[in-house]
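The notes below are meant for a colleague who is opening this structure without having seen it before.

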Amino acid sequence: MAQKYELKSKEVWDGNTAAAHALRQAQVDVVAAYPITPSTPIVQTYAQFLADGYVDGEFVKVESEHSAMSACVGAAAAGGRVATATSSQGYALMVEVLYQASGMRLPIVMTVVNRALASPLNIHGDHGDLYLGRDAGWIHLIANNPQEAYDMTLCAFKIAEDSRVRLPVTTNQDGFLVSHTAQVVEPLQDEDAYKFIGDYKPLNPLLDTKNPVTHGAQTEEEWHFEHKATQHKALMESKSVIEEVFNEFEKLTGRKYNLVESYKIEDADIALIVMGSAYETAMIAVDRAREEGIKVGLVMPRSFRPFPYNEVAEKLANVKAIAALDRNSPMGAMGALYNEVAGALAANGQNAVMTNYIYGLGGRDTTAEHILEVIKETNKNAEAGKRVTDLQGFINLRGPKLSFN
Amino acid sequence: MATPKEMLTTWDKIQFGAVLPSFEDPEKKIRSKFHSYNYKVADWRVEKPVYNRDLCIDCDFCWVACPDSCFEVEEVVNKRGKKQAKIVGINYNLCKGCGVCVDVCPTPIKSLLMFPEQIDNQEALNQWPKKEDK
């Protein structure tokens with residue numbers, strides 16, 4: 001029996017420590033992981049908890065991230081609660097197995113610390129890895145600070161393991177800006193956290209020798225389409241389960257999360273769409289812009305997948321101009337947030353002017369001043385009633401102005 | 001016996017996560033349509049295993065190792081009065097000719113050997129290697 005960890009009502013944790021404590025409180029059966037900056041402290045701290053007797057489980061040391069996710073798939077198919085952590089290149093190496101995990105409907109939880117993808121090699125935060133896993137069939141939840149990294153990880157287990165979902169979930173936090181920044185976190189006590197998540201209910205476990213099953217079957221053209229459609233349906237319909245879990249979490253902690261988060265959007269003329277730690281920076285910029293008389297608001301999809309199309313469009317129903325801020329090099333297109341939001345608006349007959357900004361690649365600083373600049377540019381589009389600024393701009397990029405139209 | 005066409009179904013009835021159960025009723029051991037017993041792979045075969053009852057010691061290794069449940073057994077009582085599974089033959093409708101049974105067969109002269117598909121089983125038995133006189 002695992003020992004109880006003494007927790008104060010307020011702890012000072014960075015995002016990694018917060019995620020590790022959430023994994024510990026979930027009493028994960030198997031963690032198979034390979035260390036990679038900046039997510040290393042999650043599994044390092046978890047392994048320490050296990051060695052010190054705070055977890056009853058197995059920690060599997062593997063030779064690569066491909067093996068880590070493969071071991072997670074095996075353990076989850078065997079019938080255990082499974083989790084891991086990774087970043088960047090490690091995430092990239094896992095990609096093949098990410099698709100296996102979701103197709104086999106294994107509710108694995110992965111605490112991702114977002115980091116840029118090489119080349120050039122970079123250890124700092126951007127959303128390159130998150131966008132890479134976009135189509136892998138996982139649910140992707142976004143956390144903007146250590147408290148949210150803790151809360152989202154607890155919720156992730158409950159969402160993933162729900163019988164209506166049974167899909168793997170990642171929780172995402174920005175590398176270093178969240179993962180290595182210590183802030184006050186209000187944790188749940190061990191028993192309350194575990195009670196919230198509940199006991200793991202295995203579905204078709206391989207270790208049930210009385211009822212043998214085949215996992216990982218091959219399906220060719222007669223069957224594959226039907227399987228993928230079912231999987232997509234589960235992902236699309238997971239939105240209601242995510243909301244249910246968030247509501248239950250609010251009752252327990254008083255902290256309210258939504259499929260789509262927003263800040264001062266109710267009376268806004270213009271809106272910024274932004275995900276991750278920059279959301280909190282943008283809140284400061286919004287307050288300053290409002291002092292100058294610009295009615296601006298913020299919108300953030302809390303779940304990047306499933307993407308809450310209609311909920312986002314609803315939030316943006318009354319704005320005239322929108323800037324979507326993507327923390328990923330879009331490589332030959334507009335950023336993913338721009339595309340998703342533009343699609344959501346078009347589907348609902350809304351026609352706010354939309355522009356795209358790329359920011360913060362490889363951990364580049366993005367300050368409230370930078371975002372205030374974006375707000376002022378976007379305001380020009382709102383006043384003109386059409387696009388008068390560049391379609392795609394770059395925030396805090398050194399050199400002559402770069403833009404695309 | 002179910003064929004792939006008969007196993008086709010619609011997206012709302014598809015096996016969850018492509019997980020295929022071996023039994024419809026595990027308690028009563030009622031095999032599901034996904035059980036390899038109900039799925040013909042005989043036409044994959046180019047070589048077949050032939051079984052030699054005279055050399056077999058009924059260790060049942062082949063019965064355990066066979067991925068397609070080919071080995072037919074009957075329950076007998078052995079010399080010590082205990083129940084034992086006696087191998088009586090191979091169901092060639094199920095066998096895909098993988099040769100695993102030959103691999104695991106432990107008798108000094110194998111009780112299972114692979115022969116070309118077209119050869120008669122009696123002919124195969126006549127060709128069986130003999131113990132060398134020393």
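1. Two strands are taken to pair if DSSP finds at least two bridges between them. With that in mind, and bearing in mind throughout that this is a predicted model, a reader can turn to an open sheet of chain A in which seven strands follow the order β3-β2-β4-β5-β7-β6-β13, with mixed pairing. The edges of this sheet are taken by β3 (58-61) and β13 (303-305) of chain A, and because each has a single partner strand, one side of each is left without a neighbour in the sheet. On average, and with direction ignored, neighbouring strands of this sheet are turned by 20° against each other.

2. At one end of that order, strand β2 (residues 30-33) of chain A runs parallel to β3(A), and four bridges join the two. One residue pair to look up here is A:V30, whose bridge partner in β3(A) is A:E58. Helix α3 (residues 65-78) of chain A lies across β2, β3 and β4 (82-86) of chain A, and its direction makes an angle of about 165° with β4(A).

3. Chain A also holds an open sheet of seven strands in the order β10-β12-β11-β14-β15-β16-β17, again with mixed pairing. Its edge strands are β10 (260-263) and β17 (403-404) of chain A, each of which pairs on one side only. Within this sheet, strand β15 (residues 353-358) and strand β16 (residues 392-394) of chain A run parallel and are joined by three bridges, and A:I358 has A:F394 as its bridge partner in β16(A).

4. Which helices lie across strands of this sheet? Helix α9 (residues 278-291) of chain A lies across β10, β11 (270-273), β12 (296-301) and β14 (321-326) of chain A, running at about 165° to β12(A). Helix α11 (residues 336-347) of chain A lies across β11, β14 and β15 of chain A, at about 145° to β14(A).

5. The domain assignment divides chain A into domain 1 (11-198 + 221-253) and domain 2 (260-404), with their C-alpha centres 27 Å apart. Where they meet, 27 residues of domain 1 of chain A are in contact with 19 residues of domain 2 of chain A. On the domain 1 side of chain A, α5 (128-132), β6 (139-142) and α8 of chain A each supply at least two residues, and α8(A) gives the most, with five residues. By class, that side has 13 nonpolar, ten polar and four charged residues.

6. The largest nonpolar core has 129 residues, of which A:C72, A:A271, A:L272 and A:I322 touch the most other members. Helix α6 (residues 146-161) of chain A gives the most to this core, with nine residues. Both domain 1 and domain 2 of chain A give residues to this core, so it lies between them. Setting aside neighbours within four places in sequence, A:C72 is in contact with A:A32, A:V82, A:T84, A:A101 and A:I108. A second, separate core of 14 residues includes B:C62, B:I90, B:C101 and B:L112.

7. Chain B is divided into domain 1 (1-39) and domain 2 (40-117), and 25 Å separate their centres, taken over C-alpha atoms. Four residues from domain 1 of chain B and six residues from domain 2 of chain B take part in the contact between them. The domain 1 side of chain B has three nonpolar, one polar and no charged residues there.

8. The last point concerns the two chains together, where 17 residues of chain A are in contact with 15 residues of chain B. On the side of chain A that touches chain B, the elements giving two or more residues are β9 (213-214) and α8 (224-253) of chain A, and the largest share, four residues, comes from α8(A). The residues of that side divide into five nonpolar, eight polar and four charged. Two bridges also join β9(A) to strand β1 (residues 20-21) of chain B, the two strands running antiparallel, with A:T214 standing opposite B:L20 in β1(B).

Definitions and conventions
Residues are numbered from 1 along each chain as its sequence is written. Chains are lettered from A and ligands numbered from 1 in the order in which they are written. This is a predicted model: local features need pLDDT of at least 70, side-chain atom pairs count only at pLDDT 80 or more; totals for chains, interfaces and linings use all residues. Two residues are in contact if their C-beta atoms, placed from the backbone, lie within 7 Å. Ala, Val, Leu, Ile, Met, Phe, Trp, Tyr, Cys and Pro count as nonpolar, Asp, Glu, Lys and Arg as charged, and the others, Gly among them, as polar. Domain bounds come from an automatic or database domain assignment. Axes are lines fitted to C-alpha atoms, for helices over the stretch in contact, and angles run from 0 to 180 degrees between N-to-C directions. A nonpolar core is a set of buried Ala, Val, Leu, Ile, Met, Phe, Trp, Tyr and Cys residues joined through C-beta atoms within 7 Å. A residue is buried if 20 or more other C-beta atoms lie within 10 Å of its own, exposed if 12 or fewer, and partly exposed in between; C-beta atoms are placed from the backbone.
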